[in-house]
Each structure stands twice: as C-alpha cells, then as structure tokens.
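My entries follow in the order in which I made them.

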Amino acid sequence: MNLVLELIIDNLEYVSPQTLVLPMRIHVHKHVEQFAYQRHVRPGSVPLAYLENEALDSRRNLLVVDRSYLVPENSRRVLESRGQQDRVNSTAYTSSYKEIAATNRTYVDAGGRRRPLFYRHELPDGVTECTVHRIKNGNRIQVEAGVDIDISTQSVYTNHLNHYDEETGAYSVYFVQYSLQDGTGGRDILNPQPVAREAGWEDIDLSTGEMIDTYPLYTRTSNNGTWSFHFNMGGNWYIRPVAAGLLQARRPSGRDPDEPWYIRFTNGDVSGIANDQTRRYWVPEFDEQPFLPYKPLVFSTANKFLQVSRKVLVATRGTIEVDPDAGLHLDLEAYDADGVLVRAFTTDQSKADTRYSNTSIYWEAGVIDSWDSGSGMVFMNTHILRQWTVRGNYYYRADDLEYTAVNLNPLINPRVRDSMYVFYCIPGTAIGDQAIHHLLVSHDGVILECSQTAGATYPSLQLLDDDVYNPGTVIGMKYWSEIDQNTFTRLYTVGFDNTNAYLVLAEVSFADRSLVENQEYVDVRQRGEALDPDERAAAYASNYRLLQSRYGYGEDGQEIPENGVMILDVPITVLEEYGGDLQDQQVQQAVRRHMPSAGYGVVRYTYPQSVLQAESFTPGIVDLTWTWEGPGLQYVLDYSNNPEDAWTELYDVTPSRGEVSYQHQDLVSGSALYYRVSIVENEIRYPASDWVSIRVR
Amino acid sequence: MGLEDLVFEDVAEAEVIFDPLRIQSAVSRTVRVTNQGEDDLHGLGMYLQSGTSLGDLDAPADNPPETDYQDLLTWGTKTDGGVTLAGGMKLTLPQNIGANQVSYITRTAGATARNKLPFKDLAAGESAEFSILLETPSGVTSRRLYINLTLE
C-alpha cells in the first residue's frame, strides 16, 4: 500500500511558485485550406461533396448569331433561292459563287426525268456487282432511287449523303455491299465524293503536260468578282453553287469543356456591292495555315469522335481525309472511363502489332473498315463500347480557317462568360494581311479589346500604336447604340454610311443553359479525426500507441486476458446434446491443445439468445416481448412460480421478422411470476435466456 | 487482498490521508496505519519508491520523480555512512518485539522491496503508528519532492 508524500525542504525559505505575466505575440499558423473542384480525390485532400452537372458543350452553350448576310452575295438564303441548278453543254461556265458542285452523270428517276448525280463513291477493284443499303436508326433499307451503279468505272453515283444528328442521335448511314471476282464480298460505308472537282497538281499527265481527261475535272479562275470554270471534257454539265464558297462562321470543332473552342470561318471569296462600292471579302490568312503534307491538307491530333452506333464513329470536325495508299492515315485511340488507353486502331499497316508508346496496347490494323470523308464517319470492324472515349489523329481537307486568337471555352477564357465576341472581315485585304478580326464587347456594349493592328489597306484600331496613344482606337467606343452616332457599327460596318464596310460575320456569346435543379449533389463527408483506412497499417507501425486508442481497438483499448486467461468462444452445436459430435471434455481438450502452457483457457459456449422483457400495466395481464434473433428460429416461452422448480411451456412461435410479443392473461394480481425464452433451431433447443421476474398488477 | 485494506491516517489532523501528505523538513509527522481487512498481515516492511504524483498545478515537483527518489537515497546513505551529518528520510517504525526502530532510508535499507525496513505484524483491525522525519541535507536549497512510501 502506497503513501504519497510531499516533502518540502526548508519551508521558511521556500518560495511558492510565482506567476509572471509575459507579454507575447502569438503567431497563429494555419494551413491554408483550399476549396477546389477536382475530378479525383487526391491523397491528403478531404472530399466534401460530389457535384455532377451537365457538361458544357460548344454546340449548346455558345450562341452564334450569324450576321454575314449583310452582304447579299454572301447570304446563304440568297444562294439557296437564287442559285438554282444550271445545265450547260459547254466546257466553260461562269458564276458569281466561288464553290460549285458539278457533274456530268445523270440517272432517270421514277417519273422519267433525267436528274444529275453529284457524288461518286469509288468501289474497290474487281467488283462484279453491288447494292446500296441505307441504315436508319437500326432499320436496313435497300436504296433504289437516286443511285447509279457503274461497274465499268467501278463507281456508284448518288446524291445521298450520310447524316448524323448529334442532338437527337438520329442517323442515316448508307452502305455499299459488293461482290468481287474471286467470290468474296465486302461492305463499305458510302463515301460520296464530288463527281467533278477542281484540278490539282496530281491531275496533270506528266507525259503530255495536259490535264488528265479520264475523269471529270475543272479549273477555276477569278475574274473581277466572278468565277470562271473550265471543264476537261465536253457534254452536258449540271452545275449548282454551294455554300462552302461563302464567308461564314462555323461552330468550333472542339465540343468538350477540356478542349479549346476555336470558331472557324469558311474560306469564302465573295464580291458584292457594300456601302456603294464593289468590295471583295476573302481570307488571305487561309493560305498561311500549317498545311501538312501539302495545301489544303491539315494534320490534326487528339480529335474527339462521337459514337453513331456500335460500329460507326463520326469526327466532330465533320470532314476527314483518309487515303492509306497516299500515306494519309487515320489513327484512333479508345480510352475507358478512367482515361486509360484500352485499344488503338490504325489504317497504317506498318504500325500493326507495334506497341503504343510504353503501354501494353498494340496497334491494330484492319479494324478501321471504311470511311466517309465528307461527313467524317468511320465504319469499324469491332464494337465500340459506349463507355469508351475515342480520339483520333487524322488529315482533313481544310476549307475553313480556325481562328485561334480567341478561345471561346468559358473555362479557359473567363471573359466569354459576361462579354460578347464580334468577328468581322475587312474587305479588299492584301495578300499577307489578316482579314478576319475580333472585338471584345462588354455586357454594357463597350468595346474592351480589338485585334486589328495596322495592315496594308486598313488602320490600327487598338489603343496604342507603337506605344503611343492611337486616336483612331475603338477601345472604349460603344459597339452599337440607337442614340449615339459614334459607334463601331455605324462607323465601320456594312449597311451604314462609311467607307470601311467591314462585314460582321458573327456575334458570339456564352449561353448559360444550366439549372441548379439539374445538379446532382451527394454529401460525401466522412466523420473527422479518423485514420485513412489505406494508411492505417503505416500509422500503426509508426506509432503503436494508436492501437490502444479510439483509432485502433477503441477507447477502452484491446481486450486482453489478464493472468494468461483466454476466453474461447465455441458454438454450442458442437456438443452432442445440441446436435454435435463432441462431449464437453473433448471440446475442452481440443481448444486447449495449442494454447501456451502458461495460459488458462475458459470455454464459453455461444448460442442464439433472446433478450426478454416483461411489463404489467393492466391488472391480471403480463405483456412479454423478446428480441428476434434471425430467420427460421422458433421461440418457446416458459413460465414458473419458482425458478428453482419446473417450468411450464406457455407459448411458441416462429416469426418471420421483428420483435416478438405475447400477452399472459387471467393472472392473479400480486403474484410473482418468472419467464424465460428458449430458441429452437433445426429441432435443437438451446439453453434458455436469463429469466425475468415480474409481480402481476 | 489484505494489503489493500491498509488505511493511513494523519494523527495530527485525525483524517484519513487521500492526497499527498505534506511533510516539512525537520518536522516529524506521525501516521497511523490500520488493517481494516479480515486477514492478519505478517512480514510487513516499508520501503521507498519513485513518486507517482507530480504534484498539482500550483505546487509541482521541482524535479522528476526518479531524481527525488535517488536524491533521498543518496542523502540517507551519506548520513548513515557518516559522510554527512544530516540529511535524508528517517523513519521510526514499530516492531513485533522490542522498541521502535529508527533508521534512515539508504540504498541498502528501505530502497527496494528486497531490503524493506521491517514493520510489525498487523492483525485484522489492528493499528500501528510510525513517524517520518525529513532532514535537510547541507547544501540543498529549497525544494519540493514527491515520493512514495510503500508498506507491504
């Protein structure tokens, strides 16, 4: 027994502890907490909430207002109403439009009328017969009308085009099914190319220096605002203008929130009367794009492909140029939901079975079956899973300029969210200058930014010119006003009294179509002050005291037997009297066999037990309830006047679920009764629960 | 267990001792121990152990418990060995036979359970008194120590 002593030496001189107040500056260092939105939970960060919103999409979230119709010759509606189809029997043709569709192939329709076919699908060599099928939303229909199959020229002439509506998912895809001379067959997606196209360097007969005349070609020259076309063969020609020759804005090819959204402008060349003068609107900077391998081909990487059906993909750009024989290959990479590469496809046979970078994925050749350059559709020989993201590297025939000076993705360029971008074209631009420029207009209509620096034929509109204030700047000017005459629109654009006649092509602003009600929110907070389950082993190893804390075994610590005592839980069903094969002594020996000699084992038999409660609120009645211990168990209720004497069975039940109850009635008030519950399972009656006593009211 | 039934009482205050008993140097303090158990206790002895109390917030120990324990043993050993004139803890303990035994706590007597100082047997319900004196060793400045005095 201990007696604690406080010994004080020389009490008279002992000075009790004094307090001294010291002035202190307290520096509180608090870790900077940062609330961030992340796609994955990084180690060390604490997840608070999971938010899921509809992803931004350039198709849906960019409002592009087309203003290019202000010059009538550049209006798409005028082209469609005025530019009807012409038929000429000549090798020369003149049009006010730069781009035309021309053909000398015709077919006779069901009404007996001769109609032109503007597109041609090239069949493989050796085709003996073929048919054209259309697959629309899963239904396969053989196409008879509007198709002319010419085996002699290995061609299918048609006006049909493959179509896919991204908004609704509706599609209409044509397939050409054919048989070859060797008896085999095949199926390709329809790849309609213009019957007649502009001649290029590859269409020159090197022996004669003349244009090849075995397939339709034409040359094009500009002539004071009109275009002259010369064909390489005579006969009847059917010609109609197409909108690709107009100068118009196109939506960005990038769709996702993590892609850049660069607006595109077609390589149009339009001449027309604007502000009382003939002016030419064209895009000289188109020729300065990085063409690869030659103009007008451009190589583009990591472009997203959308899924039309299980085997058909479509490029978001809309056009691709694939020609494996000419080295213009298409590579596709499929990624799973976690961004891990799962498959890689290519049209390049030399890459087949080679490793993709340092992964375990190998390039697969022969899986990309066929493609449609005009619509960007690709037909695969394998199923593309819905959860894959497919990206591809390919060449495309550029017919537009990607305006990379402005990224319209609001996540990358926050200015898009509350401002408007105005894109305009300066007429009569010299070669080497830039025709298309942009303005940044604030939400209250004031110009904040202008990209127009001085060119050969136009002045600078920026704030500074050689670091000196530019009095001709439009910065700070209103873009448009009903009242103010000094606005950009009145001073510079087509349709007003000025000599500049800039053509506004598009006004682009961000459309926030999100609704808070559509946001998915899940609270993922965890109870704090807890060890990360993945770090638990390392935490215990570095600080073993955590085991005996609430982070480990609990606040009471690990249950350990004192004096070497070990409690050994054994199911009672091992005993013979409860359906087993062993006697108690055998169990004792068995469980103690491998115990340390200094230990003392105590065998505790376990079995299902109910917790019994009794109440008596009504005279002569006792209400009993006991807990349900599992399905398929029978509960036997006994009672007695003396727990040392015999027990009488009162009630038995096999409930499906829930607390069990029984009411014992017609009892003598004031008497003391004892109750207990036994559980019977598979005809084995386990020992009874602890009995409860109650005095009847 | 019988030893758990030993109760210490401060004779001067006539109170059972629960908190550390304050003993000033050079002032002897008498303590009564009572065997309130049902068993007679034999072979009792008293010895010193490192204090289990560090004192309260207003009166903490000046040194760690082990330092206090060792210092007391050193002082008592030096005094008992004649090196110094005074210093250490002196106990006056009742015996079974004969007068009370007065002895310093030294490293060889009263420092551990093995060399505990003999104490008279206590029958069930019997009490005995002993006294504690702390001598100030020379050269030691004012100091507060906490120590455990064990009877078993």
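**Terms and source.** I call a residue buried under 20% relative accessible area, exposed over 50%, and partly exposed in between (1.4 Å probe, protein chains only). The model is predicted, so I keep to its rules: local features need pLDDT of at least 70, side-chain atom pairs count only at pLDDT 80 or more, and totals for chains, interfaces and linings use all residues. Residues are numbered from 1 along each chain as its sequence is written, chains are lettered from A and ligands numbered from 1 in the order in which they are written, and side-chain values use heavy atoms, with hydrogens and water left out.

**Salt bridges.** I counted a side-chain nitrogen of Lys or Arg within 4 Å of a carboxyl oxygen of Asp or Glu as a salt bridge. Over all chains the structure holds 37 of them.

I looked up Asp109(A), which is buried at 14% relative accessible area. Its salt-bridge partner is Arg115(A), with the closest N and O atoms 2.7 Å apart. Arg115(A) is partly exposed, at 35%.

Next I took Arg197(A) and Asp203(A), whose side chains meet in a salt bridge at 2.9 Å, N to O. Arg197(A) is partly exposed at 33%, while Asp203(A) is buried at 0%.

Glu129(B) lies in strand 9 (residues 127-135) and Arg32(B) in strand 4 (residues 29-35) of chain B, so the pair ties together parts 97 residues apart in sequence. Here helices (H or I, at least four residues) and strands (E, at least two) are DSSP runs, numbered from the N terminus. Glu129(B) is partly exposed, with 38%, and Arg32(B) is partly exposed, with 25%. I also noted a network in which salt bridges with shared partners join Arg250(A), Arg264(A), Asp399(A) and Asp400(A).

**Asp68(B).** Is this residue, Asp68(B), buried or exposed? I found Asp68(B) buried, with a relative accessible area of 0%. Asp68(B) sits in helix 1 (residues 65-81) of chain B. Its side chain reaches the backbone nitrogen of Tyr146(B) at 3.3 Å, a polar contact being a pair of N or O atoms within 3.5 Å; within protein, one must be able to donate a hydrogen and the other to accept it, and residues adjacent in sequence count only if both atoms are side-chain atoms. With contact meaning heavy atoms within 4.5 Å, and neighbours within four places in sequence left aside, the contacts of Asp68(B) include Ala61(B), Asn63(B), Arg144(B) and Ile147(B).

**A sheet in chain A.** I looked at an open sheet of three strands in the order 44-45-48, with antiparallel pairing. Strands pair if DSSP finds at least two bridges between them. Strand 44 (612-615) and strand 48 (660-664) stand at the edges with a single partner strand each, so one side of each is left without a neighbour in the sheet. Five bridges join strand 45 (residues 622-626) to strand 48. Thr625(A) stands opposite Ser661(A) in strand 48.

**Nonpolar cores.** A core here is a set of buried Ala, Val, Leu, Ile, Met, Phe, Trp, Tyr and Cys residues joined through side-chain atoms within 4.5 Å. The largest has 50 residues, and Tyr281(A), Phe305(A) and Leu332(A) are among those that touch the most other members. Strand 40 (residues 503-510) of chain A gives the largest share of this core, five residues. A second, separate core of 36 residues includes Leu3(A), Ile17(B), Val33(B) and Leu93(B).
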